Amino acid sequence: MDSVVSTIMDPGFLVAVLVAVAVFATVFTVMPLQSDTLRTRMKSVALEREELRAKQRAQLAADAERRRRGGLRQEDNRGLRNIVDRLDLRRALVDDATIAKLRAAGFRGESPLTKFLFFRLILPFVGLAIAGFYVFGLGALAEQPLFMRVFVCILAAYAGFYLPVLYVTNRATKRKQQIQRAWPDALDLLLICVESGMSVEAAFRRVAAEIGTQSVALAEEFVLTNAELSFLQERRQAYENLANRTGLDSVKSTSQALIQAERYGTPVSHALRVLADESRDARLNAAEKKAAALPPKLTVPMILFFLPVLFAVILGPAAIQLTQNGIIN
């Protein structure tokens, strides 16, 4: 053991070991290692190809499921359509504003319009039956005169007649808000795609695929616009349809900019850059406006809920001590 330790501690032995390590490191660094890089690269390419195939199959399956469920245009119900056509409800209840409101709510095709008209026909009778059973069957409002009870039933029927309109209006408003929130990000993506050399159709298709996680409604609108750009005779009509379906001022300004770029041959990227900046500024201003309106809205809840509890916590112990000391009976 002493001889081994003395050998290890020998300066000559340590120098030889360090020289051997340095030579091995130099040879390992300078000399190329023989490896089959081509096989490795081909294997990685094959794995990537399989991933792309799996993604494509999943997308095709999703498209098939979407087509099976009706897609953007739902399959019409023949029974409801016969009732609507027999009573000629389209002529009595449908106008351009109704169709525009249905499109703004995301309802396209003949089936949503048929269901809308059918519910406007049937819900007044449902409301009248429920109100009549509640008022006359259960004896509600018995102290009121007959005229008031009949008026309540008529009011319920009137509410049932306008209930589908309220539903469509509410859904259209929520859809517009969803599109408005995602529109600045969509413009940024559209600008990036156009500046990278993509055509407008390819840019709309790419942005529709990317923005779908944030806003499904905006992705649907971009898909429809891309299809209309491919099939309509005038591209201007596709941009105008996009503005009419959404009903937003920011979308209308973007559509006008794209129409002018198509007409006069000006660069689309310049107009999109200006519009993207304006959309981001508008979203920031809206957020600042909501933040500025928050203190006045919190005033009433603080007065009703926070201040009484705060007074009870502060004055409660003092009142207990005064009661114990006999000052307050």
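**Reading the assignments in a predicted all-helix pattern**

Read along the sequence, this protein, a predicted model, follows the pattern α-α-α-α-α-α-α-α-α-α-α-α-α.

Q: What makes up the secondary structure of the protein?
A: The secondary structure comes to 13 helices and zero strands.

Q: Why is Cys-153 called buried?
A: Buried means under 20% relative accessible area. Cys-153 has 6% relative accessibility and therefore counts as buried.

Q: Why does Cys-193 count as buried?
A: The relative accessibility of Cys-193 is 10%, so Cys-193 counts as buried under the 20% cut-off.

Q: How many disulfides does the rule give?
A: A disulfide requires a pair of cysteine sulfur atoms within 2.5 Å. By this rule the count comes to zero.

Q: Why is Asp-88 called partly exposed?
A: The class lies between buried, under 20%, and exposed, over 50%. Asp-88 has 34% relative accessibility, so Asp-88 counts as partly exposed.

Q: What is the phi of Asp-88, and where is this residue found?
A: Asp-88 has a positive phi of about 55° although it is not a glycine. Asp-88 is found in the loop between helix H4 (78–87) and helix H5 (89–93).

Q: What share of the protein do buried residues make up?
A: Of the 329 residues in the protein, 26% are buried.

Q: What makes a set of residues a nonpolar core, and which residues have the most contacts inside the largest one?
A: Such a core consists of buried residues of the listed nonpolar types, joined through side-chain atoms within 4.5 Å. The largest has 33 residues, and those with the most contacts inside it are Phe-204, Leu-218, Phe-222 and Leu-272. At least two residues of this core come from each of helix H8 (146–195), helix H9 (200–211), helix H10 (216–231), helix H11 (235–246), helix H12 (249–264) and helix H13 (268–324). H8 gives the most, with nine residues. A second, separate core of 14 residues includes Leu-80, Leu-89, Leu-113 and Val-165.

Q: Which residues does Leu-272 touch, not counting residues up to four places away in sequence?
A: With those neighbours left out, Leu-272 touches Leu-187, Leu-190, Leu-191, Val-194, Thr-254 and Leu-258. Touching here rests on heavy atoms within 4.5 Å.

Q: What share of contacts between residues at least 6 apart in sequence join residues at least 24 apart?
A: Among those contacts in the protein, 63% join residues at least 24 apart.

Q: What makes a space a cavity, and how many of 30 Å³ or more are found?
A: In a cavity a 1.4 Å probe fits but cannot get out. A search of the whole structure finds one cavity of 30 Å³ or more. The largest cavity has a volume of about 30 Å³, and its lining is formed by Leu-190, Val-194, Val-200, Ala-203, Phe-204, Leu-258, Val-268 and Leu-272. H9 gives the most to this lining, with three residues. By class, the lining has eight nonpolar, no polar and no charged residues.

Q: Which residues line the second largest pocket, and how do they divide by class?
A: A pocket, in contrast to a cavity, is an open set. The second largest pocket holds about 330 Å³ of space. Its lining consists of Gln-177, Gln-180, Arg-181, Pro-184, Ser-279, Ala-282, Arg-283, Ala-286, Ala-287 and Lys-290. H8 and H13 are the elements that give two or more residues to this lining, and H13 supplies the largest share, six residues. The classes are four nonpolar, three polar and three charged residues.

Note on methods. Residues are numbered from 1 along each chain as its sequence is written. This is a predicted model: local features need pLDDT of at least 70, side-chain atom pairs count only at pLDDT 80 or more; totals for chains, interfaces and linings use all residues. Side-chain values use heavy atoms; hydrogens and water are left out. Buried means under 20% relative accessible area, exposed over 50%, partly exposed in between (1.4 Å probe, protein chains only). Helices (H or I, at least four residues) and strands (E, at least two) are DSSP runs, numbered from the N terminus. On a 1 Å grid over the protein atoms alone, a cavity is a set of points where a 1.4 Å probe fits but cannot get out, and a pocket is an open set with protein on both sides within 12 Å along at least five of seven lines; lining residues have an atom within 4 Å of a point. Grid points are joined across faces, edges and corners, and a volume is the space filled by probe spheres set on the points. Ala, Val, Leu, Ile, Met, Phe, Trp, Tyr, Cys and Pro count as nonpolar, Asp, Glu, Lys and Arg as charged, and the others, Gly among them, as polar.
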